[in-house]
Structure formats: structure tokens, C-alpha cells
Amino acid sequence: MRPLSGASLLSAWEQGQSQHPVDRALTLLAAGWPEASFEELAGLSIGRRDARLLALRRATFGEVLRGFVSCPVCAEALELELRTSELLLQDPEVDAGGDFTMTVDGRDLRFRLPDSRDLAAAAVCAGAEEASARIADRCFLATTTGDPPPAALTAALATAMAAADPQADLSLALRCAACAHEWSDALDVQGFFWSEIDAAAVRLLDDVDRLARVYGWSEAEILAMSPRRRRRYLELAGR
Ligand SMILES: [Zn+2]
């Protein structure tokens with residue numbers, strides 16, 4: 001895995017601007033694992049995709065994730081501090097795929113975990129119900145006892161998928177410091193990482209602009225510098 005450098009971060013940021021979050025996640029993975037094919041990355045289960053995103057995020061921005069969340073009861077803004085080691089449930093480099101079995105009414109049904117292609121197919125559905133049905137339709141595999149009607153089984157399938165791929169659905173236990181309300185919220189790994197990339201890209205372009213004006217260096221030259229060296233030149237430039 002290759003942490004995002006100034007140049008690769010900006011390039012992923014530029015490409016991801018107009019993309020759907022599902023494609024954006026793949027753009028980030030392609031930047032971190034340039035040797036992997038698109039097929040390979042798109043075929044990762046969502047849990048394995050998110051494990052890789054967490055690992056890439058840690059290598060790029062560090063162990064701690066900081067953010068804010070609003071209490072749903074009193075609207076107090078709460079600062080959130082999470083550690084990657086507590087969120088990472090599996091080795092991001094291990095891609096143990098395979099099929100799974102769930103038992104419903106005494107029948108064994110085989111399924112596979114949804115990947116980015118399945119999410120993309122579900123993203124164009126009209127609503128959540130249709131999206132779940134689309135995922136079920138794609139992820140149920142032929143069974144020896146005949147194919148069941150997926151519609152009746154989508155809820156059971158979602159439960160079985162969550163159990164088989166816990167990294168795909170990170171639930172945070174939250175407590176409001178002001179009113180003591182307790183609730184849980186899902187962590188959107190891709191969305192969180194993207195907002196950090198967006199902020200970092202804006203800062204980086206700001207630095208490039210400043211250094212290019214003062215020293216006349218090209219964007220490529222400035223981005224090739226280590227962050228430490230860039231920071232020092234910014235100090236010398238009076239910032
Ligand atoms: Zn509150």
C-alpha cells in the first residue's frame with residue numbers, strides 16, 4: 001500500500017469531485033494500491049473495501065480520526081475522537097473471499113457478500129426497498145433446493161451479510177455530554193476520509209499558490225517536496 005502523497009492526493013481529489021461515493025472509494029483505493037486492477041478493487045466486499053480505506057487513511061493522515069457529531073436530542077456539537085486500531089476489524093491486505101451459507105426454514109441458501117459493483121447497481125434504484133431487493137437478487141447464489149423468492153428473504157439476507165462482513169457496518173456508541181442522551185450511529189468510512197481529503201487538497205493548493213508566487217517553482221516541484229520542507233519554506237515566505 002502506498003500512502004497518498006501530495007500529488008496522488010490532489011489527483012484523486014480532482015478525479016473524485018464528480019464521482020458517486022461508490023466510485024470515489026475505488027478512486028482512493030486505486031491511488032493507494034496502484035498495482036491492483038480495477039476489477040480486483042471493485043470486487044472487494046464492502047467490509048474489505050472499508051478496511052483498506054481505513055488503512056490508507058491511517059497511512060496518509062495518522063492513527064486518530066477527529067470529527068464532530070450533533071446530538072439528535074439537544075443539538076449539542078460533540079467532538080469525536082476515534083482510533084483506527086479500534087475501528088479496523090480485519091487485516092486490510094487479506095482478501096479472503098468466498099461464499100457463505102444461511103439457513104432459512106431448514107433450507108441452506110448460499111450467498112456472496114456485496115461489492116462495489118453491487119452498490120453501484122443498487123444506487124440507481126428508486127428507494128431503499130428496491131435497492132435491498134437488487135442486492136439480494138445479485139448476491140443470492142443458486143441453491144441445490146431451488147432458488148427462493150429473494151423478496152421474502154432480503155431482511156434475513158441483510159442480517160446474514162452484516163454478520164459475515166462486520167467491517168462493512170461500523171456502529172458507534174455515542175453519548176451526549178450535555179443531556180446524557182445515548183444513541184448509535186454508523187461511521188461512513190468513505191465519507192469521512194473524503195471530507196479530510198477535500199480539506200487537505202484545498203490547503204495544499206493554497207500552499208502551492210503561495211510558494212509558486214514567492215519562489216517561482218512549478219506545482220510539480222512543490223508537490224514533490226516533503227510536507228516538512230514545504231512548511232519550512234512557507235515559514236520563510238512569511239506565512
Ligand atoms: Zn444532547
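Visitor: Which residue is the bridge partner of phenylalanine 100 in strand 4?

Guide: Phenylalanine 111. This is a predicted model, by the way.

Visitor: How do strand 3 and strand 4 pair, and over how many bridges?

Guide: Antiparallel, over 5 bridges. Strand 3 covers residues 100-104 and strand 4 covers 107-111.

Visitor: What stands opposite threonine 103?

Guide: Aspartate 108, in strand 4.

Visitor: And how many residues sit between the two strands?

Guide: There are 2, and the strands form a hairpin. Aspartate 105 is in the turn, with a positive phi of about 50 degrees.

Visitor: Confidence next. Which element has the lowest mean pLDDT?

Guide: Strand 4, with a mean of 86. The highest belongs to helix 2, residues 21-32, at 98.

Visitor: What is the mean pLDDT of the protein?

Guide: The mean is 92. Of the residues, 95% reach 70 or more.

Visitor: Let's zoom out. How many helices and strands are there?

Guide: The secondary structure comes to 11 helices and 6 strands. Along its principal axes, the C-alpha trace spans about 75 × 50 × 35 Å.

Visitor: How much of the protein counts as buried?

Guide: Of its 239 residues, 26%.

Visitor: What share of the contacts comes from residues 24 or more positions apart?

Guide: They make up 61% of the contacts with a separation of 6 or more.

Visitor: What does the domain assignment give?

Guide: Two entries: domain 1 is 6-93 + 170-236, and domain 2 is 100-168. Their C-alpha centres lie 30 Å apart.

Visitor: How many residues are in contact across the two?

Guide: On the domain 1 side, 15 residues; on the domain 2 side, 12. Helix 2 and helix 4 are the elements that give two or more residues to the side of domain 1 touching domain 2. Helix 4 gives the most there, with 5 residues.

Visitor: Tell me about helix 4. How far does it reach from its first C-alpha to its last?

Guide: It reaches 22 Å, close to the 22 Å expected at 1.5 Å a residue. Helix 4 has 16 residues, 46-61.

Visitor: Is helix 4 largely enclosed or largely open, and why?

Guide: Largely enclosed by the rest of the structure, because 13 of its 16 residues are buried. Just after helix 4 comes glycine 62, with a positive phi of about 105 degrees.

Visitor: What about the largest nonpolar core? Which members touch the most others?

Guide: Ala12, Leu28 and Leu53, out of 39 residues. Helix 9, residues 189-215, supplies the largest share of this core, 7 residues.

Visitor: Where does this core lie relative to domain 1 and domain 2?

Guide: Between them, because both domains give residues to the core.

Visitor: Back to leucine 28. What is it in contact with, leaving aside neighbours within four places in sequence?

Guide: Leucine 28 is in contact with Ala12, Leu53, Leu56 and Phe193.

Visitor: New topic. Where does arginine 138 lie?

Guide: In helix 7, residues 128-139. Arginine 138 counts as partly exposed, because it has 17 C-beta neighbours inside 10 Å. The cut-offs here are 20 or more for buried and 12 or fewer for exposed.

Visitor: What does arginine 138 contact, beyond four places in sequence?

Guide: Asp118 and Ala121. Arginine 112 is 26 residues away in sequence, and its C-alpha is 8.8 Å from that of arginine 138.

Visitor: Which residues of helix 7 are buried?

Guide: Arg134, Ile135 and Ala136 are buried in helix 7. The cover over the buried residues of helix 7 includes helix 6 (116-123) and helix 8 (154-164).

Visitor: How far apart are the end C-alpha atoms of helix 7?

Guide: They are 16 Å apart, which agrees with the 16 Å that 12 residues should span at 1.5 Å a residue.

Visitor: Last one. Where is serine 226?

Guide: In the loop between helix 10 (219-224) and helix 11 (227-236).

Visitor: Does serine 226 count as buried or exposed, and why?

Guide: Exposed, because it has 10 C-beta neighbours inside 10 Å.

Visitor: How far is its C-alpha from that of glycine 6?

Guide: The C-alpha atoms of serine 226 and glycine 6 are separated by 8.6 Å, with the residues 220 apart along the chain.

Notes
Residues numbered from 1 in each chain as written. Predicted model: local features only at pLDDT ≥ 70, side-chain atom pairs only at ≥ 80, totals over all residues. Core = buried A, V, L, I, M, F, W, Y, C linked by C-beta atoms within 7 Å. Helix = DSSP H or I, 4+ residues; strand = E, 2+ residues; numbered from the N terminus. Domains from an automatic or database assignment. Contact = placed C-beta atoms within 7 Å. Pairing = 2+ DSSP bridges. pLDDT = per-residue confidence, 0-100. Expected span 1.5 Å × (residues − 1).
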